[in-house]
Amino acid sequence: MKNYFILGGSSGIGLEVAKILQRRGNKVMVTYNTHPVEIDGVEAHHLDVREPFHLDFIRTPLDG
């Protein structure tokens with residue numbers, strides 16, 4: 001199992017990549033702004049990149 005982080009994982013390419021990585025047994029963390037992500041095994045965090053932000057929810061080394 002590897003750890004992946006996707007900035008903007010609530011739609012489009014980011015969402016599809018999150019689904020693929022999760023199905024392959026990886027830990028996946030994604031951010032969203034307006035559409036919460038509800039996929040079993042995917043950790044979702046609200047983030048608006050137009051505002052100052054911190055990524056302190058990432059507590060493990062990332063593989064990608």
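The mean positions of the 7 positive and 8 negative charges of the protein lie 8 Å apart. Lys and Arg count as positive and Asp and Glu as negative, with His and the chain ends not counted; each charge is placed at NZ of Lys, CZ of Arg, CG of Asp or CD of Glu. This is a predicted model, in which local features need pLDDT of at least 70, side-chain atom pairs count only at pLDDT 80 or more, and totals for chains, interfaces and linings use all residues. Residues are numbered from 1 along each chain as its sequence is written, and side-chain values use heavy atoms, leaving out hydrogens and water.

**Fold**

**Burial**
- Of the 64 residues of the protein, 36% count as buried (under 20% relative accessible area; exposed is over 50%, partly exposed in between; 1.4 Å probe, protein chains only).

**Asn26**
- Asn26 sits in the loop between α1 (12–23) and β2 (27–32).
- Asn26 counts as buried because its relative accessibility is 13%.
- The side chain of Asn26 reaches the backbone nitrogen of Lys2 at 3.1 Å and the backbone oxygen of Leu21 at 3.0 Å.
- Leaving aside residues up to four places away in sequence, Asn26 touches Met1, Lys2, Tyr4 and Leu21 (contact: heavy atoms within 4.5 Å).

Terms used:
Helices (H or I, at least four residues) and strands (E, at least two) are DSSP runs, numbered from the N terminus. A polar contact is a pair of N or O atoms within 3.5 Å; within protein, one must be able to donate a hydrogen and the other to accept it, and residues adjacent in sequence count only if both atoms are side-chain atoms.
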